[in-house]
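The sequence and structure come first.

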Amino acid sequence: MNGPILRLGLRSLFGRARAWLMIAMPVIMLALAAVMRLTAGSGGLDPNSAENFLRIFGIGIAVPVVALIATTTLINSEFDDGSIIYLLTKPVSRVTIIASKAVIVLGAGVLFGAAMMLVAGFIMVGGSDQVAVGALIGGVVSTVAYVGIFTALATTMKRSVVGCLLFWLLWESTVSALFSPVKWLSARAWGNAVVQHIADAAGDGKPGVPLPYAVLAAIVALAAGVALAGQRLASMTISEE
Amino acid sequence: MTTEPTGEPPRTSARRGVIHDIGYRPFTGRRQSTSAVALSLYLTSLRHCFGIGRSGKSKVMPWLMTFVLLIPALVLAGLLLQLNKMSLSDQADLFAPLANYFGFPYWTQLLITIFAAAQAPVLFARDLRYRTVVLYFARPLSRTTYVLMRLAALATALFAVVVIPLTIWYGAALSADVDRGEHTKNYLAAVVGVAVLALMLATFSGMVSAITTRSGLAVTAVIVALMLTSGIVKAVQGAAYDGDHRTMSFIGALLNPFSVASELISGLFDQPTPDSTVLHPGPGWTIGFAVAAVVWTLGATAILLERTRKAASL
């Protein structure tokens, strides 16, 4: 980790209009949660449907979108406009550079994705059935995995913003919904499994993968993603040969 | 605008020594009408939607999406023919999903969205970005007509890539031993729905492209906006279905063009909905969805027109 890079990352993440889109996601989620709570009637909201909502909207949309926006702002656009060179020429290890950026992205994801899922869970069902806690931990697990995957994609692909976007839409949302073995390799499925393991209300169906596997896989994805990105940065030459 | 050739000779005659007259022969032939210019712009734009007349790289995305969209329709058509051969025609529950024509654009909305997102910047962002739009406005074509022709081309392209697979599917259904009346009715309803959907998608993605003017950003913005609202609609409809709140489900459906179009034709033509969580609207809400479709289309068109006018006057 490197202090100045962390500080620069924070400034470029929150210093522009794109940050509002990132903040809009949890706001929409909380608003929908409040609407669901208010329309649920006297019996209160069914924990199963609250858990379903948190998995579909929180892990399916809010977490990847926040991670995507943070990654594209911090990594992809610096590559695209060439300003990454000013960081690369500093006497700082390039793995440290990318790890510091990943930490900022992870922090944004946990703050605007996972923590807001906790709040949304509390708004909908309070502390019952551990839905809110499950949502928090599931959100963190899938944020960890998404940050690793997006970091790797952002540094290795050419048109990386569209690449990350299509990865999310095609692999995580479409392919994993159609072919069930993909659950072993999908950040969304890992997060869903963690929510279903921890919350007592199972929502619809059983968790797809075991809890230790989901947590371990997310950590491996993050470590591998950052290592790959660092390796790619380290092998970048700035001179024209 | 020299649409009248008779206005030309006195100005270009050699008698007056005008400094910029360097002796080239002026055009004295018949000039084409404004509508011919508009038609030509429409055809060029339609060709550009599919990458015809552009580089090989820009042909990849539209044709890939066009062919991938054919796959589910061909599979469904094959299923119809196969079920017919197996003489299972009396199993109505097997055939019911095979008559749900508007389900096709609803299930493949990601592909249609990618097509719209990839092709709208071609028509709306590049001209504004590189200021070539002033060359179009130097012709006897009003700015409104320019925008409307571009929109018509994009809507036609979107309509075509969805309706062609639907028609293949319908053709297979006609040659199988099924309830032709039901299939014809659902097919025609779906064609209307696809037309409404194509208009909404074309105006929305055109508006986003014209506002961002950077094609990479526009592609991302269109995909994110449409997929995000689609996800919100699905979450709201799922929650409303669980809690049995019809009004909440319909209000949620207003947020996305795909759900607006499917609810509209479901109410208008008494169609099956594409998904069990998508509820069937009553007459009141059908009118509501018709209004929503008009607002989606006209609102985006108005913003697009305003934006193009402003960008051109800079």
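## Helix 2 of chain A against helix 10 of chain B

Helix 2 of chain A, residues 18-39, packs with helix 10 of chain B at an angle of about 15°, and the two axes are 11 Å apart. The model is a predicted one. Since angles under 35 degrees count as roughly parallel, helix 2 of chain A and helix 10 of chain B are therefore roughly parallel to each other. The crossing of helix 2 of chain A with helix 10 of chain B is right-handed.

On the side of helix 2 of chain A, the residues that meet the partner are Ile28(A), Leu32(A), Met36(A) and Thr39(A). Helix 10 of chain B supplies Ile232(B), Ala235(B), Val236(B), Ala239(B) and Gly243(B). By class, the residues of this contact are seven nonpolar and two polar, with no charged.

## Helix 3 of chain A against helix 10 of chain B

Helix 10 of chain B, residues 215-243, also packs with helix 3 of chain A, residues 47-80. Here the axes come within 9 Å and cross at roughly 175°. Angles over 145 degrees count as roughly antiparallel, so helix 3 of chain A and helix 10 of chain B are roughly antiparallel to each other.

Helix 3 of chain A contributes Ser49(A), Asn52(A), Phe53(A), Ile56(A), Phe57(A), Gly60(A), Ile61(A) and Val65(A) to the contact. Those from helix 10 of chain B are Leu228(B), Gly231(B), Lys234(B), Ala235(B), Gly238(B), Ala239(B), Asp242(B) and Gly243(B). The residues of this contact divide into eight nonpolar, six polar and two charged.

## The contact between the chains

Chain B gives 18 residues to the contact and chain A gives 20. Helix 10 of chain B provides the largest share of chain B's side, with 15 residues. That side of chain B consists of 10 nonpolar, six polar and two charged residues.

## Inside chain A

Helix 6 (residues 131-156) and helix 7 (residues 160-178) of chain A have axes that come within 8 Å and cross at roughly 145°. Helix 6 of chain A passes helix 7 of chain A in a right-handed crossing. From helix 6 of chain A the contact takes Ile149(A), Phe150(A), Leu153(A) and Ala154(A), and from helix 7 of chain A it takes Ser160(A), Gly163(A), Cys164(A) and Phe167(A). Six of these residues are nonpolar, two are polar and none is charged.

Leu54(A) is part of helix 3 of chain A. Leu54(A) counts as buried because it has 33 C-beta neighbours inside 10 Å, where 20 or more are needed. Setting aside neighbours within four places in sequence, Leu54(A) is in contact with Met117(A), Ala120(A), Gly121(A), Val131(A), Ala135(A) and Val195(A).

## Chain B overall

Chain B has 13 helices and zero strands. Of its 314 residues, 43% count as buried. Among the contacts in chain B with a separation of 6 or more, 77% join residues 24 or more positions apart.

An unreviewed UniProt entry places "transmembrane region" features in chain B at residues 63-84, 104-125, 146-172, 187-204, 216-236 and 285-305. In the model, residues 63-84 of chain B are 100% helix, with end C-alpha atoms 31 Å apart. Residues 285-305 of chain B are likewise 100% helix, and their end C-alpha atoms are 30 Å apart.

Key: Residues numbered from 1 in each chain as written. Chains lettered and ligands numbered in written order. Predicted model: local features only at pLDDT ≥ 70, side-chain atom pairs only at ≥ 80, totals over all residues. Axes fitted to C-alpha atoms, helices over the stretch in contact; angles between N-to-C directions. Helix = DSSP H or I, 4+ residues; strand = E, 2+ residues; numbered from the N terminus. Left-handed = near helix turned anticlockwise from the far one by under 90°. Contact = placed C-beta atoms within 7 Å. Nonpolar A, V, L, I, M, F, W, Y, C, P; charged D, E, K, R; others polar. Parallel < 35°, antiparallel > 145°, perpendicular 65-115°, else oblique. Buried ≥ 20, exposed ≤ 12 C-beta atoms within 10 Å, placed from the backbone. UniProt positions renumbered as here; feature names shortened; annotations may be inferred.
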